[in-house]
Amino acid sequence: MPSVMLKKNPEGKLIFYVPKKDLEEVAESVEFDTADKWGGEVVLADGSKYFFEPIAPPDFPITLRAKRVDSGED
Amino acid sequence: MAALTREETEALIQEVLEIYPEQAKKDRAKHLAVNDQSLEKSNKCITSNRKSLPGVMTIRGCAYAGSKGVVWGPIKDMIHISHGPVGCGQYSRAGRRNYYVGTTGVNTFGTMNFTSDFTEKDIVFGGDKKLAKIITEIEGLFPLHKGISIQSECPIGLIGDDIEAVAKKGNKEIGKPVVPVRCEGFRGVSQSLGHHIANDAIRDWVLGNRDGDDSFPTTPYDVAVIGDYNIGGDAWASRTLLEEMGLRVVAQWSGDGTLAEIENTPKVKLNLIHCYRSMNYIARHMEEKYKIPWIEYNFFGPTKIAESLRRIASHFDETIQAGAERVIAKYQAEYEAVIAKYKPRLEGKRVMLYIGGLRPRHVIGAYEDLGMEVVGTGYEFGHNDDYDRTIKEMGNATLLYDDVTGYEFEEFVKRVQPDLIGSGIKEKYIFQKMGVPFRQMHSWDYSGPYHGYDGFAIFARDMDMTINNPCWKQVKAPWKTDASSDAVKVAA
């Protein structure tokens, strides 16, 4: 359950940062990203997947807890 | 010597690893890599921020060094108590050359050493009482100090002293911030964790002090310079450029910085990060809590300075953007003259670097401006994200080495035969005795500043002075050179 810092980059894409792992990656897709619900499965550019409990759309940047679904290729 | 090809570099790494026992070889192999610019992520080629192996020479520091020496130490109007035995504070005292203005011992305390000087008695019975007494004493002796930080040395964590409680009591007593920092030296694998702990201490004990206090007048052009420690005056050389382009520098973190500047930083519009490694944590925190964006910049060498000034300006309106262009144009004649003077003397020279923090990647541009080439670079205590940023800066098939051991570094130098090595004091005399020109790139070899346009002129002069120094021709004993044996014959 890593703490993940999320922010939007200038292109409007979600940046995913895990301080303890020095992992800084662009999120390729977010399962729920609508006006009333945000979260679900997030796929990063390196292929790894994380899961966020769906919540009301947060105000980025924000730190949230995520569950690691699968570690991608390594 | 011509540049090594990818295969040759790989073979060199294998050759150097050969001497290690099986386990150590496996471990060290992960820390050595050949740069491949096509890689997006460094974790595909190099491992970093791991514990150094026992038995190999590492030049890493400790968490105390990262907190007291790097982040907190330069805050000039606070008193930083080295809490524990006397050595840690005394041996690291005033060696970093982070300049400041002020009257030392009256309103600034940068080069002084304050310590609780632990003895056996304090280890056995605990040092909290002594610490409380020191806080009272400091208030009496140095009434103009603005706050106290307690920098823990190893024993504090080992004996379990409650410095937080003492700090809270001290804060009530003297009415100034007293910040306990849990930066015991044994924490983490290098000074890098010390930076993080120090950042967290600032976050928890200082940064929010003026929340809700709007008495500080702000402008739309307020910025903070973060991660510039004013080594030899670096931060001043950077600050002038930012001010000339129309920005107002509210805070310097932490070279020549004050407690008030740190407390006012949440009011700025943009955080400018120079040393990403040691202060990205606080910038990310401010981004989340105060919605202050941050960007990294690089003030080494005219190419990178111009790039950075334009990038900084792009976060502001046209007046600042015009200001950036004005600054670049203003210094153009100056830096072109520097390049015209030194480039012919330095062109084609090859450099190997092994430093900490930001410089293994940031100074590459400055060397390239002088026509030099960086053929190997590495971090003492960098993390993955540092190497991510390095891969693009370095040429293809150059060497990358993380937490390099004394043996590996020497072997690399023997084979690559660079014209200059930039590293720290622990490497300096080894390589000078090997006859390789050397610059101490932690404290600029008692020179500086190197940041900004003014600094670039000094940087170029220093590199020329070192590489083209006639002494390197005298390193070999006269009877061992061919020329001298001819001379002897002539004389005979």
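An axis here is a line fitted to C-alpha atoms, for helices over the stretch in contact, and angles run from 0 to 180 degrees between N-to-C directions. Helices (H or I, at least four residues) and strands (E, at least two) are DSSP runs, numbered from the N terminus. What you see is a predicted model, in which local features need pLDDT of at least 70, side-chain atom pairs count only at pLDDT 80 or more, and totals for chains, interfaces and linings use all residues. Residues are numbered from 1 along each chain as its sequence is written, and chains are lettered from A and ligands numbered from 1 in the order in which they are written.

Now the pair of helices. In chain B, α14 (residues 318-346) and α20 (residues 452-467) have axes that come within 10 Å and cross at roughly 10 degrees. That makes α14(B) roughly parallel to α20(B), a label used for angles under 35 degrees, with over 145 roughly antiparallel, 65 to 115 roughly perpendicular and the rest oblique. Among the residues that meet are Y331(B), Y335(B) and R345(B) from α14(B), and F456(B), M463(B) and D464(B) from α20(B). Contact means that C-beta atoms, placed from the backbone, lie within 7 Å. By class, the residues of this contact are eleven nonpolar, no polar and three charged. Nonpolar covers Ala, Val, Leu, Ile, Met, Phe, Trp, Tyr, Cys and Pro; charged covers Asp, Glu, Lys and Arg; the others, Gly among them, are polar.

Next, the cores. A nonpolar core is a set of buried Ala, Val, Leu, Ile, Met, Phe, Trp, Tyr and Cys residues joined through C-beta atoms within 7 Å. Buried means 20 or more other C-beta atoms within 10 Å of a residue's own, exposed means 12 or fewer, and partly exposed is in between. The largest core has 122 residues, and A224(B) and M245(B) have the most contacts inside it. Its largest share, eight residues, comes from α14(B). Another core, of seven residues, lies apart from it and includes V4(A) and Y50(A).

How do the chains meet? Eight residues of chain A are in contact with seven of chain B. On the chain A side, β1 (3-8) and β6 (62-65) are the elements that give two or more residues. That side has three nonpolar, one polar and four charged residues.

Last, K49(A), which is in strand β5 (residues 49-55) of chain A. K49(A) counts as partly exposed because it has 18 C-beta neighbours inside 10 Å.

Key. Two residues are in contact if their C-beta atoms, placed from the backbone, lie within 7 Å.
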